[in-house]
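Try each task before you read its solution.

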Amino acid sequence: MSIETTAPAPVPTPQAGRPATTAATTATDAAARSTASALFRTPCYSWCIEPGDDDEPTAHESARVDLAPPPGMEGITGPLMHAVLYGNDNCTNPTPNVHLTVGTEDDPYTILTPQQADEYADRLDAFAAQVRHLARQAHEPRPEFCPEFPWCKETGEHNVHTSRELALPDPDGTGNYLGASLMAEETEGNQVSLGFEAGGGWTGLDSAGLRAEAKRIRDHCGELEKLAEFLSCEEANNRLHDTEAATR
Ligand SMILES: [Zn+2]
Ligand SMILES: [Zn+2]
């Protein structure tokens, strides 16, 4: 776990909404704890470092744990997040809760039940593992490029060179169409050829064939646009019929 803890702050700064357990570190605090009533508040929790004073005699607060910012975060000097365990004997449910603040002392905090705090700690664990995984991936060697063709996506020993596929994603995003890819085989003298995907099958095309095919596709796109124009008229008719049906 990468959460850093700091030594107990001698004077936790009181936060809005949470009763301050100490007003200031003065001799009067020590004096307050020496009152007779304080004798009846022992023993306290093992984690409590702020036994209540006469103003708030039933409050308990733990030492603060901080999540320190990473190195190089300009303008951020304090912890990113900090937490304390807080309990008050006067509450309906006296079970202490974790008060978690994101940001500085002045930022709002959230109150987590012990179970919620436990679950959130699992998420922090998972985040730490992901950051660690990224750091380890940084050391992975990059696969070496194919020595024969700059477009070849194969790595390591290979006799067949193939490129990535240049393709158009289909309208529902589940696949591709109009795919084209480059290929060359050592056994055939590394002659570069192109495979073109047409209607589910692959056809070999040379540059002239690919240009001719591109022109056919452009012409087809013009026809598709005309069809869209026709369809928009039909859609307008549909809307008209719907309106008429609704007002009838
Ligand atoms: Zn206490
Ligand atoms: Zn290759």
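**Exercise 1.** Decide whether Trp202 is buried, partly exposed or exposed.

*Solution.* Keep in mind that the model is predicted. Step one: take the relative accessible area of Trp202, which is 48%. Step two: recall the cut-offs, with buried under 20% and exposed over 50%. Trp202 is therefore partly exposed. Trp202 sits in strand β10, residues 201–205. Step four: list its partners, leaving aside neighbours within four places in sequence. Trp202 then contacts Glu165, Gly179, Ala180, Ser181, Gly195, Phe196 and Glu197. Step five: check a distance. Trp202 and Leu178 are 24 residues apart along the chain, and their C-alpha atoms are separated by 9.9 Å.

**Exercise 2.** Find which protein atoms are donors of the zinc ion (ligand 1), and what spacing they follow.

*Solution.* Step one: look around the ion. The protein donors are SG of Cys44, SG of Cys48 and ND1 of His60. They lie 2.0 to 2.3 Å from the zinc ion. Step two: read along the chain. The spacing is C-x3-C-x11-H. Step three: locate two of the donors. Cys44 lies in the loop between α1 (27–33) and β1 (59–61), and His60 lies in strand β1, so the pair ties together parts 16 residues apart in sequence. Step four: compare accessibility. Cys44 is partly exposed at 33%, whereas His60 is buried at 6%.

**Exercise 3.** Work out how the two aromatic pairs of the structure are arranged.

*Solution.* Step one: note the count. There are two aromatic pairs. Step two: take Tyr45 and Trp47. Their ring centres are 4.6 Å apart and their planes are at 15°, so this pair is stacked. Tyr45 is partly exposed at 31%, and Trp47 is partly exposed at 22%. Step three: take Phe149 and Trp151. This pair is stacked too, with 4.6 Å centre to centre and 20° between the planes. Phe149 is buried at 13%, whereas Trp151 is partly exposed at 23%.

**Exercise 4.** Check the span of helix α2 against the expected value, and find what covers its buried residues.

*Solution.* Step one: count. Helix α2 covers residues 114–137, which makes 24 residues. Step two: compare spans. From first C-alpha to last, α2 reaches 35 Å, close to the 34 Å expected at 1.5 Å a residue. Step three: pick out the buried residues of α2. They are Ala117, Leu124 and Ala128. Step four: see what lies over them. The cover includes β3 (81–88), β4 (97–102) and β5 (109–112).

Notes
Residues numbered from 1 in each chain as written. Chains lettered and ligands numbered in written order. Predicted model: local features only at pLDDT ≥ 70, side-chain atom pairs only at ≥ 80, totals over all residues. Heavy atoms only, no water. Donors = N, O, S within 2.8 Å, 3.2 Å for Na, K, Ca; no water. Helix = DSSP H or I, 4+ residues; strand = E, 2+ residues; numbered from the N terminus. Buried < 20%, exposed > 50% of the residue type's maximum accessible area, 1.4 Å probe, protein only. Expected span 1.5 Å × (residues − 1). Contact = heavy atoms within 4.5 Å. Phe/Tyr/Trp six-rings, centres within 6.5 Å; stacked < 30°, edge-to-face > 60°.
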